[in-house]
Amino acid sequence: MASTSSNFVVPLPPVVKVEVEEQVVPKDFRGYLTRALAWTALMPLFMLAFMHFSQLTHTAAVIDDQQIMRTQQFARSMSARIVSIETFLNTAADMISESIAGSKVIPVSRVQRLAEKMPYITSLKLISEDGKVDFSYGKSDVSASELASAFVDYEVKVRSFDNEICFGSRIEESSSSDDSYLLIGCEPKSDFAGIFERSVGAEPYALQIFDSKQKQIFYTSLNDKGNLGPQNLTPEFVKLSEQMLQAPTPLWRTNQKRNDSVVLSIAEIPDTDWRIVFSQRVTFRDKQLLSSLLTSGVFLVCGALLALIVGTFLGFRLTSYVQTLIDQINAFKKDGSIKKPDRSFLTNAPIELKLLSVLFEKLVRQVQSTQKKLEEANLDLTHQVNLRTRTLNQRNQELRALQFLLAPLRDEAQVVIKRTVESFRLILGLNYLTFADKPESDRPDLASLPVELSTGVLGYLNFERPDYTQENRVHTSLQRLANSIAIVLDNQEMFSSVKASQSRFNALLESMTEGVVLIGKTGSLLYANKTARGILSISPEASIAKVESYIEERFRKVYLADGQNNQQDFFAGPRRYVSKVDSDFFIEASGFLVPEFHGYVGPRMGLLLRDISEEVSMERMKRNLISVVAHELKTPVTTLRLQSETLQRQIRSGKLSDSQQLLSEMLEESSRLQNLICDWLDVSRLEAGSLVIKPKVQTVTGILNKAMKSVHLHFPQLEVSIKVEPEAECVLADKDRMTQVFVNILENAARYNDKVKPVCSVRSEKIDDSVVISFSDNGIGVSEQHLSKFFDSFYQVDMGSGRKVGGTGLGLAICRGIMAAHGGKIWAEQNPVGGTIFRISLSL
């Protein structure tokens with residue numbers, strides 16, 4: 001028995017060795033121990049560092065609060081000083097006012113005694129309204145005129161001068177005196193420095209006082225070796241200071257380099273518009289913080305070094321004991337032996353390491369015992385794997401053969417089945433295996449397996465009987481092959497049936513003269529036959545998401561008088577639509593239900609579309625025919641009746657002077673009636689195909705002259721110019737019928753013309769093998785959409801019963817029929833300069 005499978009062997013080593021995996025990054029035990037001790041010691045250090053960080057933050061907050069407190073304390077001191085001075089001045093002013101009112105004399109001695117008792121004021125002046133100094137105490141650098149101009153419009157105010165701060169109070173005038181005075185006390189600005197020094201002590205601060213008008217009043221710096229200057233009173237600085245006054249913490253830092261940056265605090269002096277700013281360098285704050293951390297930082301570093309030294313010392317001893325265990329492992333790794341530890345290890349090593357050494361010896365002995373068992377199991381496993389591998393290889397080959405059979409067929413089913421059966425024969429190692437319509441019962445060495453479905457037996461697999469050891473395996477594989485062959489044959493028959501049905505269905509729908517549209521549940525287009533695509537102008541590869549919206553975008557619904565098209569449901573029908581582009585293109589849509597459609601589950605809606613443009617055109621023609629007949633026949637009949645009645649009255653009265661004219665007019669109207677009837681008869685002959693012509697060689701000029709005589713009888717104002725080329729002079733035509741065509745065209749040129757003098761230019765020329773006669777008029781012209789319908793029966797641009805120009809709409813239709821009978825053609829074009837061009841083509 002041939003075998004195509006390959007053996008798969010799992011290689012296992014004859015001896016199983018336990019190897020200790022080397023670390024990618026070697027790390028000794030001493031290092032682990034040292035790091036463990038270091039981390040144990042460093043945790044308290046970390047806590048200490050965190051506490052010092054908290055202390056640093058708290059210290060910074062305390063320094064900020066101290067600066068704000070000192071700023072506000074200085075502001076309160078200044079406010080109390082200013083209130084005290086104002087109280088003194090108000091008291092002195094009241095006393096002076098009472099003395100002036102009683103004795104008319106200024107109490108100089110009393111005012112001097114009060115001034116001597118006031119410790120803040122170094123000078124006091126009483127200035128009259130004209131700037132005269134009536135009393136002066138102490139020395140002041142500010143002149144009386146400066147003081148008078150500064151306090152002339154204020155009752156009690158504070159004013160700043162170069163080196164002094166002055167306070168003024170107006171003495172109220174008495175009823176008996178017209179004099180008024182200003183009592184002004186001044187204090188040197190140098191006194192503010194003393195108050196500032198008492199507020200800040202020995203810390204380096206700078207003080208700056210300014211008013212709301214951005215004017216600096218006072219500046220000093222204390223204990224500052226860097227010569228800290230005053231802040232520039234820019235609008236931005238003033239605006240920021242106003243914002244900080246409203247903030248909960250009126251403190252901020254300038255946006256400068258650290259060595260130049262300062263911390264500012266601000267406060268307002270009550271009862272004034274003054275503001276004070278305390279300034280301190282950031283570098284001084286850094287020195288304060290650094291001094292608080294210096295001692296604790298030294299302890300922190302010493303603690304870290306001590307922890308590292310202790311960990312390193314302890315690591316040396318433990319490392320030697322651990323090295324003994326490592327030597328044991330290396331010895332086992334090298335030759336599988338067990339190395340005993342030395343006496344020092346057994347005496348001094350920690351109990352945990354001793355226990356680890358004992359456990360390692362036990363583990364090694366267990367590994368050596370397990371190694372022998374694994375070697376025996378490896379041999380058995382290799383045998384089982386080889387058997388299973390051969391089975392899987394054969395099953396894989398069978399599946400590949402069945403995959404080729406069940407894949408989409410590129411060749412005939414019988415050819416593919418034959419190849420698959422041959423592949424199975426080789427895979428199973430059989431000498432004989434075929435697929436036939438009947439079993440081979442005449443050979444006892446063969447067995448048969450039916451290939452069947454529920455509908456019956458499709459054939460038989462005839463194969464060589466295998467030995468009893470392979471019988472189950474071969475029978476199972478052949479049964480899978482038989483089932484797959486049955487599926488393939490059944491699918492082929494079903495596919496052929498479906499394909500034939502679909503072909504007949506498509507041929508039926510595509511051959512229909514009506515359009516058929518199938519619509520999905522969401523309203524999308526599922527199918528449209530050729531007629532429907534032509535009606536709706538849909539390309540074969542186009543996809544439409546909403547058929548109803550597509551139709552309503554291109555067509556407008558036509559409502560009939562009987563109300564049949566008033567349903568709200570889109571699929572209730574039939575409905576009529578007219579194209580929004582071509583007003584003469586009409587369709588009719590009727591909805592229907594499709595219970596099942598090939599490839600789709602459940603019912604679908606469909607539309608049946610018909611092109612009813614000709615039907616609508618005929619309906620229009622029928623409706624307009626009555627109007628045309630009534631309009632065209634009413635005039636001559638009415639005229640004949642009136643003329644007959646007039647002639648009858650003249651005969652009765654014996655006055656026949658106008659009878660000859662009446663008879664002529666009656667004859668003319670009767671001729672008109674006869675022409676109308678002849679036109680209708682010609683139309684009937686054309687539709688029936690019974691129009692007879694007698695063509696002879698005629699000249700174009702002769703036919704034109706005859707037509708012009710007839711036209712000038714009714715339209716004498718028409719001017720006709722003729723140009724006939726010599727090679728286009730003669731034509732083969734029926735003279736009377738061709739004259740009828742020319743008369744119709746010339747009458748239209750005169751009838752449909754709003755000019756004072758209608759003109760028509762006629763030209764005959766030879767083009768290829770035909771004679772083309774062109775009639776160019778200067779009439780009213782028509783739009784492009786009416787040119788193609790000029791030659792339809794009963795068609796007129798103005799179809800209403802009240803149209804201005806008469807006519808039946810049959811003249812050009814008759815002309816087209818006459819030209820068709822001659823084997824020629826007639827058509828109309830727009831004249832670029834205005835009007836219409838009619839062209840006639842006759843073969844030579």
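**Notebook: a first look around the model**

I started with burial: 39% of the 844 residues in the protein are buried. My cut-offs are under 20% relative accessible area for buried, over 50% for exposed, and partly exposed in between, with a 1.4 Å probe and protein chains only. The model is predicted, so I note that local features need pLDDT of at least 70 and side-chain atom pairs count only at pLDDT 80 or more, while totals for chains, interfaces and linings use all residues. Residues are numbered from 1 along each chain as its sequence is written, and side-chain values use heavy atoms, with hydrogens and water left out.

**Overall tally**

I found 18 helices and 26 strands in the protein. Both are DSSP runs numbered from the N terminus, helices being H or I with at least four residues and strands E with at least two. For accessible surface I wrote down about 50000 Å², with 55% of that belonging to carbon and sulfur atoms; the areas come from the Shrake-Rupley method with a 1.4 Å probe, and for residues only the protein chains shown count as cover. I then looked at contacts, meaning heavy atoms within 4.5 Å. Of the contacts in the protein with a separation of 6 or more, 58% are between residues 24 or more positions apart.

**The cores**

Which residues touch the most other members of the largest nonpolar core? I got Phe-74, Ile-209 and Trp-274, in a core of 41 residues. Helix H1 (residues 29–103) gives the most to this core, with 12 residues. A nonpolar core here is a set of buried Ala, Val, Leu, Ile, Met, Phe, Trp, Tyr and Cys residues joined through side-chain atoms within 4.5 Å. Another core lies apart from the largest one, with 38 residues, among them Ile-703, Val-711, Ile-745 and Leu-842.

**H9 against H10**

I checked how helix H9 (residues 413–428) packs on helix H10 (residues 471–510): the angle is about 170 degrees and the axes are 11 Å apart. Axes are lines fitted to C-alpha atoms, for helices over the stretch in contact, and angles run from 0 to 180 degrees between N-to-C directions. From H9 the meeting residues include Ile-417, Val-421 and Phe-424, and from H10 they include Leu-478, Leu-481 and Ile-485. By class, this contact of H9 with H10 has 11 nonpolar, four polar and one charged residues. Ala, Val, Leu, Ile, Met, Phe, Trp, Tyr, Cys and Pro count as nonpolar, Asp, Glu, Lys and Arg as charged, and the others, Gly among them, as polar.

Beyond four places in sequence, Asn-744 touches Gly-811, Leu-812 and Cys-815. Gly-811, Leu-812 and Cys-815 are among the buried residues of H18. Eight of the 11 residues of helix H18 (residues 811–821) are buried, so H18 is largely enclosed by the rest of the structure. Just after H18, Gly-823 takes a positive phi of about 80 degrees.

**Single residues**

Is Pro-250 buried or exposed? I have Pro-250 as buried, at 9% relative accessibility, in the loop between helix H5 (235–246) and strand S8 (251–253). Leaving aside neighbours within four places, Pro-250 is in contact with Ile-68, Gln-72, Met-244, Leu-264, Ser-265 and Ile-266. Pro-250 and Leu-264 are 8.4 Å apart, C-alpha to C-alpha.

Ser-128, in strand S1 (residues 123–128), is buried with a relative accessible area of 12%. Ser-344, in helix H7 (residues 343–348), counts as partly exposed at 40%.

Most residues other than glycine have a negative phi. I noted Ser-537, not a glycine, with a positive phi of about 55 degrees. Ser-537 sits in the loop between helix H11 (530–536) and helix H12 (547–554) and is exposed, at 61%. Asp-768, also not a glycine, has a positive phi of about 60 degrees. Asp-768 is in the loop between strand S23 (759–767) and strand S24 (770–777), and counts as exposed at 67%.
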